[in-house]
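Dear colleague,

Please keep it open while you read.

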Amino acid sequence: MTAIGIVTLWGNTNYGNRLQNLAAERLVMRQGLSPYTLVCSSNSIGRLQRVKVKVSELLRTPQMIARRKAFDRFNQDYLHPLDISQNSECVAFICGSDQIWNYTFPEFGPDMFLAFANNKLTCALAASFGVNS
């Protein structure tokens, strides 16, 4: 089947984010295509952003740890994650949604604008900035 890469926010535990990711994958599947949610590697995230992520991980409570595990199970059971560096089989890419272009998020960077796509077909699906300025 034809592979389509989806770039979205991946590392958070936000219900709306996961549901929009599932909806995007299902939309691709309904077209008879194979969706892959592309997960940005830590190499594509800047040093300061990696520090922010590590600090937030240190502050996690037992409830947040349990929430993270539940989200990891959901991702494994319902989504099709693929490291972004393994996207060569994808013929097109979708970015969005859920504040994908919010520059305050650790994942923010060129990958969120599909900078890696070269000359392949790209599309933004309900992408937003999520900030006022």
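Helices (H or I, at least four residues) and strands (E, at least two) are taken here as DSSP runs and are numbered from the N terminus. The model is a predicted one, in which local features need pLDDT of at least 70 and side-chain atom pairs count only at pLDDT 80 or more, while totals for chains, interfaces and linings use all residues. Residues are numbered from 1 along each chain as its sequence is written, and side-chain values use heavy atoms, with hydrogens and water left out.

I begin with Asn102, which is found in the loop between strand E4 (90–95) and strand E5 (121–124). Its relative accessible area is 3%, so Asn102 is buried, a word that stands for under 20% relative accessible area, with exposed meaning over 50% and partly exposed the range in between (1.4 Å probe, protein chains only). The side chain of Asn102 makes a polar contact of 2.8 Å with the side chain of Gln99, and another, of 2.6 Å, with the side chain of Thr104. A polar contact is a pair of N or O atoms within 3.5 Å, where within protein one atom must be able to donate a hydrogen and the other to accept it, and where residues adjacent in sequence count only if both atoms are side-chain atoms. If residues up to four places away in sequence are not counted, Asn102 touches Phe108, Ser128, Phe129, Gly130 and Val131, contact being heavy atoms within 4.5 Å.

As to accessibility, Leu114 is buried, with a relative accessible area of 7%, whereas Asn118, at 70%, counts as exposed.

Next come the nonpolar cores, a core being a set of buried Ala, Val, Leu, Ile, Met, Phe, Trp, Tyr and Cys residues joined through side-chain atoms within 4.5 Å. The largest nonpolar core has 15 residues, of which Val7, Phe93, Met112, Leu114 and Phe116 touch the most other members. The elements that give two or more residues to this core are strand E1 (3–7) and E4, and the largest share, three residues, comes from E4. A second, separate core has six residues, including Ile6, Ala24, Ala92 and Ile94. Turning back to Phe93, and not counting residues up to four places away in sequence, one finds that Phe93 touches Gly5, Leu38, Asn87, Leu114, Phe116, Ala117, Lys120, Leu121, Thr122 and Cys123.

Ile6 itself lies in strand E1 and counts as buried, at 0% relative accessibility. Leaving aside neighbours within four places in sequence, Ile6 is in contact with Asn21, Ala24, Glu25, Val28, Pro35, Tyr36, Thr37, Leu38 and Ile94. Ile6 and Thr122 are 116 residues apart along the chain, and their C-alpha atoms are separated by 9.9 Å.

How do helix H1 (residues 15–30) and helix H3 (residues 62–78) lie, and at what angle do their axes cross? The two axes come within 11 Å and cross at roughly 5°, which makes H1 roughly parallel to H3. The axes are lines fitted to C-alpha atoms, for helices over the stretch in contact, and angles run from 0 to 180 degrees between N-to-C directions; those under 35 degrees count as roughly parallel, over 145 as roughly antiparallel, 65 to 115 as roughly perpendicular and the rest as oblique. On the H1 side, Tyr15, Arg18, Leu22, Glu25 and Arg26 meet Arg67, Phe71, Phe74, Asn75 and Tyr78 of H3.

Thr8 has its place in the loop between E1 and H1 and, at 1% relative accessibility, counts as buried. The side chains of Thr8 and Gln20 are joined by a polar contact of 2.7 Å, and a polar atom of the Thr8 side chain lies 3.1 Å from the backbone oxygen of Gly96. Among the residues that Thr8 touches beyond four places in sequence are Asn17, Thr37, Ile100 and Met112.

Lastly, Val51 is in helix H2 (residues 47–58) and counts as partly exposed, at 46% relative accessibility. Val51 and Thr37 are 14 residues apart in sequence and 24 Å apart in space, C-alpha to C-alpha.

With best wishes
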